[in-house]
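Subject: Structure handover

Hi,

Here is the structure I promised to pass on to you. Have a look at it first, and then read my notes below.

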Amino acid sequence: AGLVAMLALFVVVRCRESLPQAARTPFGLRPPALGFLRLFRSGPNLRTLSMASALQTVSMSMGDSWQVFAREIRGWDATQCGLYGSLSGLGHTATALLVRRSVRRLGGRSYTLLATTGVATTDLILGLGSTRLCFAALPFNWVGRTQGVALAARSSEVAASEGIGQGGLAGDRQNMQALLKVFCPMIYGYLFRIGYQNGVPALPFIFASTVAATGGVLVYFSRSYVWASEVEQKQKLR
């Protein structure tokens with residue numbers, strides 16, 4: 001709470017609005033709950049990126065309940081869960097510091113595909129691998145948790161070309177993610193119960209891995225121009 005209060009003060013004192021007054025959209029209430037649907041109606045490029053983002057959110061939503069599954073499936077105690085979570089967070093921080101350089105070198109599409117593969121691998125190992133293998137596979141988790149960075153940046157560019165400002169895009173994305181994060185833990189809990197009753201307690205992890213892999217397939221088969229900026233497209237035409 002103290003850190004958030006310091007952040008709020010910093011934003012008020014030091015951060016300026018990125019858009020001039022003339023370019024800002026007047027505030028107004030919009031129909032609740034389903035505002036994100038326009039992301040799927042604003043051209044094929046934004047629709048593809050939004051579908052990939054939704055799949056990422058579904059697969060990552062297991063992070064809200066994986067500790068329960070880990071304790072039930074492999075008998076981890078609070079110490080082991082805390083250690084795994086701490087190492088995961090520290091590694092993610094270090095990896096996030098290198099994302100800009102990595103995306104610049106690999107490209108947004110390739111980096112997103114790499115990170116999404118990391119998520120699918122992590123979930124599969126958490127569900128089916130040994131405890132030692134779970135900790136050994138932490139680097140996959142570190143990279144996987146940055147899968148949305150390049151996607152979000154490219155979505156912002158595409159949305160702007162469709163007349164959707166940064167604030168509107170952020171609101172729509174948060175709207176979609178908030179709804180998914182309400183329903184997905186319920187789905188994972190249901191899958192865990194069904195899997196446990198049928199001798200497959202790792203079912204939530206398998207489902208999360210499948211969803212992540214589906215997102216990876218979508219990214220892999222998406223057109224290159226979905227990920228290329230207008231400047232890059234003009235350079236290729238030349």
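Before the helix pairs, a word on how the angles work: the axes are lines fitted to C-alpha atoms, for helices over the stretch in contact, and the angles run from 0 to 180 degrees between N-to-C directions. Please also keep in mind that this is a predicted model.

Let's start with helix α2 (residues 44-60) and helix α6 (residues 108-128). They pack with their axes 11 Å apart, at an angle of about 25°. Angles under 35 degrees count as roughly parallel, so that is what α2 and α6 are to each other. Their crossing is left-handed. On the α2 side the contact is made by Gln56, Ser59 and Met60, which meet Thr112, Thr116, Val119 and Asp123 in α6. Sorted by class, the residues of this contact are four polar, two nonpolar and one charged.

Helix α6 also packs against helix α11 (residues 203-221), here with axes 8 Å apart and an angle of about 165°. Since anything over 145 degrees counts as roughly antiparallel, α6 and α11 fall in that group. This crossing is left-handed too. Among the α6 residues in the contact are Arg109, Leu113, Ala120 and Leu124, and the α11 residues there include Phe205, Ile206, Ala212 and Tyr220. The contact of α6 with α11 has 14 nonpolar residues, along with six polar and two charged. Thr112, Thr116, Val119 and Asp123 of α6 turn up in the contact with α2 and again in the one with α11.

While you're on α6, take a look at Ile125, which sits in that helix. Is Ile125 buried or exposed? Its relative accessible area is 15%, and under 20% counts as buried, so Ile125 is buried. Leaving aside residues up to four places away in sequence, Ile125 touches Arg74, Leu133, Cys134 and Ala137. From Ile125 to Pro185 it is 60 residues in sequence and 20 Å in space, C-alpha to C-alpha.

Now, how far to trust all this? The chain has a mean pLDDT of 86, with 93% of its residues at 70 or more. Confidence is highest in helix α1 (residues 2-14), with a mean of 94, and lowest in helix α12 (residues 230-237), with a mean of 44. Over residues 233-238 the pLDDT is below 50, and beyond near neighbours in sequence that stretch has three contacts in the model. Where pLDDT is low, the predicted coordinates should not be read in detail.

Cheers

Methods
Residues numbered from 1 in each chain as written. Predicted model: local features only at pLDDT ≥ 70, side-chain atom pairs only at ≥ 80, totals over all residues. Heavy atoms only, no water. Helix = DSSP H or I, 4+ residues; strand = E, 2+ residues; numbered from the N terminus. Parallel < 35°, antiparallel > 145°, perpendicular 65-115°, else oblique. Left-handed = near helix turned anticlockwise from the far one by under 90°. Contact = heavy atoms within 4.5 Å. Nonpolar A, V, L, I, M, F, W, Y, C, P; charged D, E, K, R; others polar. Buried < 20%, exposed > 50% of the residue type's maximum accessible area, 1.4 Å probe, protein only. pLDDT = per-residue confidence, 0-100.
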